[in-house]
Amino acid sequence: MTDTTVAIRRARASDADGMARVHVQSWQSTYPGLIPAQFLVNLSEPAAAQRWAAIAETRGPGQGAFVAVDVAGGIAAPGTIVGIASFGTRRVAVQGHSGEFHALYLLDDAKGYGIGRRLMAAMADRFLAAGVRSAAVWCLRDNPSRWFYERLGGIKVAERPIRFASTDLVEIAYGWRDLTPLARLSAGPEVR
């Protein structure tokens, strides 16, 4: 299995069920011990599919969603969505960063193949095409995957307490003041 057996493309509303499956499974495997178990158990793929269908239809400049699709069956059945990502306007302001990477989720079996890097690069490329030169991503401080952003050149630029699912947590923002190097990290087939 190589990262070239996975295609990165813009998400479509018809991808919503696959996107919801990745979202729910990713949260349930990443956040035990960080987010209350009852919240994770109650995550609903049908509810998530409704949200992802709307996100997938977002097509404005510098916003939207991507999916990573296993085209060869190296991770899952051919045609299966194994990763998702969304991006757009800032939901939380981070000084010096005009865009925001909203979400990046992968199935556990899809980790370690460069798929997350390619999704980040695709989003950075779209930001640049829209004239958005910088962006940040928020993640839980205790998220074991947060080091991924540092490996891609993200610099810790902010930290804030949040209350989520009746739990006090801390989020960290990683930022890229120039998205050009991140956009260049893409490799493998991409369908625009």
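A salt bridge is taken here to be a side-chain nitrogen of Lys or Arg lying within 4 Å of a carboxyl oxygen of Asp or Glu. In this model, which is predicted, the side chains of E159 and R141 meet that criterion, with an N to O distance of 3.9 Å. The pair links distant parts of the chain, for E159 belongs to strand β6 (residues 155-164), while R141 sits in the loop between β5 (135-140) and α5 (147-151), 18 residues apart from its partner. E159 counts as partly exposed because its relative accessibility is 42%, and R141, at 34%, counts as partly exposed as well.

E159 also takes part in a second salt bridge, this one with K156, where the closest N and O atoms are 2.8 Å apart. K156 is partly exposed, having a relative accessible area of 46%. These contacts belong to a network of salt bridges that links R141, D142, K156 and E159. Elsewhere, D108 forms a salt bridge with K111, the closest N and O atoms being 3.3 Å apart; D108 is partly exposed at 45% relative accessibility, and K111 is partly exposed at 35%. Over the whole structure, a search finds 8 salt bridges. Side chains of opposite charge can pair when their charged atoms come close.

The buried residues of α3 are A48, A49, W52 and A56. Seen down the axis of α3, these buried residues fall within an arc of 105°, so they line one face of the helix. On the other side of α3, P46, Q50 and A54 are exposed. The buried residues of α3 pack against α1 (16-30), β2 (64-70), β3 (80-94) and β4 (97-106).

One of those strands, β3, contains V82, which counts as buried because its relative accessibility is 0%, under the 20% limit. What does V82 contact once its neighbours within four places in sequence are left aside? The contacts of V82 are V6, V22, A68, D70, I75, A76, Y105, L106, L107, A110 and I115. By comparison of positions along the chain, V82 and A183 are 101 residues apart, and their C-alpha atoms are separated by 21 Å.

In soluble globular proteins, nonpolar side chains tend to be buried together. The largest nonpolar core in this model has 60 residues, among which F101, I115, M120 and W176 touch the most other members. The largest share of this core, 8 residues, comes from helix α4 (residues 115-129).

An unreviewed UniProt entry lists residues 6-181 for "domain: N-acetyltransferase". Over residues 6-181 the chain is 31% helix and 36% strand, and the end C-alpha atoms are 22 Å apart.

Terms used: Residues numbered from 1 in each chain as written. Predicted model: local features only at pLDDT ≥ 70, side-chain atom pairs only at ≥ 80, totals over all residues. Heavy atoms only, no water. Core = buried A, V, L, I, M, F, W, Y, C linked by side-chain atoms within 4.5 Å. Buried < 20%, exposed > 50% of the residue type's maximum accessible area, 1.4 Å probe, protein only. Helix = DSSP H or I, 4+ residues; strand = E, 2+ residues; numbered from the N terminus. UniProt positions renumbered as here; feature names shortened; annotations may be inferred. Arc of directions from axis to C-beta. Contact = heavy atoms within 4.5 Å.
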